[in-house]
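Take a look at the protein below.

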Amino acid sequence: VKQCVARDTLERMIASAWRGFSISTRVFSPARGSAVSRALTRGHRASKHQGSFGMPRASAGEARGGARDTSVPASKRTKREHVVLKVELESPVRRDGSHLGASTSTAVLAATPMSHGTTQAPFTPPSDWPEVLSSIKQSRLKGGAPVDTMGCEKISDDAAPSAKGRRFVTLVSAMLSSQTKDGITHAATGRLVRFGCTPEQIAETPVEVLDDLITPVGFHTRKAQYLKRASRICVQKWNGDIPNTLHALMELPGVGPKMAYLVMNVGWGQNSGICVDVHVHRIAERLGWVPKTVVSSNGTPKKNKSPEDTRKVLQQWLPQTEWVAINPLLVGHGQLVCLPRNPRCAVCVVNDRCASAFEEGTEKKAEKKLEAKKKDD
């Protein structure tokens with residue numbers, strides 16, 4: 001009996017050693033019928049019921065984390081406490097190395113990984129933001145930007161005979177403006193006005209006809225469906241008018257926060273918040289008017305901010321009297337000077353107070369080409 005036990009143990013040892021050796025060295029399996037092959041087969045069968053060297057096989061839980069402590073009831077086990085994460089934001093730096101509002105522009109964000117409903121820590125903008133805003137206002141007095149004549153705010157009085165009708169035209173223009181240039185949006189809105197831009201008319205018009213009328217607006221097929229569905233809601237729930245609250249506006253298909261704030265500010269004449277589009281979002285970041293990092297909904301910092309994040313930060317410190325005018329002001333500045341690509345920093349009136357001046361664009365590319373040429377020479 002002792003010889004049989006010793007033989008079985010030896011076979012399992014050989015099987016275990018061969019499996020480890022074959023995995024680490026990537027060799028072929030032994031020939032069928034050989035002594036090693038027979039030992040492997042018997043060792044594999046035995047290992048199903050016992051562990052190595054004849055020891056009883058441990059359970060899956062014990063194999064992963066050792067023996068489970070059952071002395072403490074599960075209901076009284078304490079969870080591991082979350083660590084508070086603090087992120088210190090650097091103040092924007094000018095080209096000469098000086099800080100924009102260095103004494104007050106540092107913000108600290110504290111969050112726990114599982115803290116829901118966390119709000120953004122207070123942010124202090126650069127101390128010279130009033131001068132920057134005033135300079136941009138002065139440069140925009142001459143106009144010349146597409147938003148000055150074709151923006152959603154410039155719906156003329158002859159677009160509809162009543163204030164109720166003009167509110168609906170404003171809503172339609174805002175819905176068409178998403179990811180579309182002002183000129184294209186203005187032309188499409190004009191075609192709808194000539195066709196009959198009322199909730200009743202749009203609700204009864206086939207989607208195909210609406211699609212043809214608003215083409216080449218971006219995502220025109222989807223927006224045609226949104227227009228028809230939104231018009232039906234206005235007729236059925238709002239007596240042919242548009243919703244008069246932000247929440248109700250954002251319940252309409254195809255209407256997001258940016259459009260809702262725009263319609264409330266322009267259509268209803270209520271200063272409900274800042275309308276932040278891609279231009280306002282981009283310029284606020286370049287000027288250092290928003291922090292580099294914001295807190296997400298689960299309490300963790302995130303680097304990639306959304307326009308909604310920018311709106312919340314701007315409304316913390318920007319006076320409410322500037323909330324409505326800031327959108328066309330910065331949109332026009334973004335269309336003429338602070339372009340998405342190759343911004344015209346050389347002609348910008350705030351290039352000496354902008355944290356991002358000359359960091360990108362033709363001027364910076366020219367400097368890099370000149371430096372590369374000098375190295376080659």
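## Spaces inside the model

The largest cavity has a volume of about 140 Å³. A cavity is a set of points on a 1 Å grid over the protein atoms alone where a 1.4 Å probe fits but cannot get out. A volume is the space filled by probe spheres set on the points, which are joined across faces, edges and corners. The structure holds one cavity of 30 Å³ or more.

The model is predicted: local features need pLDDT of at least 70, side-chain atom pairs count only at pLDDT 80 or more, and totals for chains, interfaces and linings use all residues. Residues are numbered from 1 along each chain as its sequence is written, and side-chain values use heavy atoms, with hydrogens and water left out.

The largest pocket has a volume of about 810 Å³. A pocket is an open set of grid points with protein on both sides within 12 Å along at least five of seven lines. Lining residues have an atom within 4 Å of a point.

Here are the two linings side by side. Ala, Val, Leu, Ile, Met, Phe, Trp, Tyr, Cys and Pro count as nonpolar, Asp, Glu, Lys and Arg as charged, and the others, Gly among them, as polar.

| Space | Volume | Lining residues | Classes |
|---|---|---|---|
| Largest cavity | about 140 Å³ | 16 residues | ten nonpolar, three polar, three charged |
| Largest pocket | about 810 Å³ | 34 residues | 15 nonpolar, eleven polar, eight charged |

Which residues lie nearest the centre of the cavity? They are Arg286, Cys338, Cys345, Cys348 and Cys354. For the pocket, Ser177, Lys258, Asp277, Val278 and His279 lie nearest the centre. Several helices give two or more residues to the pocket lining, including helix 7 (182-196), helix 13 (278-286) and helix 15 (326-336). Helix 12 gives the largest share, five residues.

## The chain and helix 10

The protein chain has 16 helices and four strands. Both are DSSP runs numbered from the N terminus: helices are H or I with at least four residues, strands are E with at least two. Of the 377 residues, 39% are buried. Buried means under 20% relative accessible area, with a 1.4 Å probe and protein chains only.

Helix 10 covers residues 220-237. Its 18 residues reach 25 Å from first C-alpha to last, close to the expected 26 Å. That expected span is 1.5 Å times one less than the number of residues. Buried residues of helix 10 include Lys223, Leu227 and Cys234. Helix 6 (163-176), helix 7, helix 8 (199-204) and helix 9 (207-214) are among what covers the buried residues of helix 10. After helix 10 comes Asn239, with a positive phi near 55°.

Thr189 lies in helix 7. Why does Thr189 count as buried? Because its relative accessibility is 5%. Its side chain reaches the backbone oxygen of Thr185 at 2.8 Å. Leaving aside neighbours within four places in sequence, Thr189 is in contact (heavy atoms within 4.5 Å) with Val169, Ser173 and Leu176.

Val331 lies in helix 15. Val331 counts as buried because its relative accessibility is 4%. With neighbours within four places in sequence left aside, Val331 is in contact with Val147, Asp277, His279 and Val280. Val331 and Ile283 are 48 residues apart in sequence, and 8.8 Å apart in space, C-alpha to C-alpha.

How values were computed. Buried means under 20% relative accessible area, exposed over 50%, partly exposed in between (1.4 Å probe, protein chains only). A polar contact is a pair of N or O atoms within 3.5 Å; within protein, one must be able to donate a hydrogen and the other to accept it, and residues adjacent in sequence count only if both atoms are side-chain atoms.
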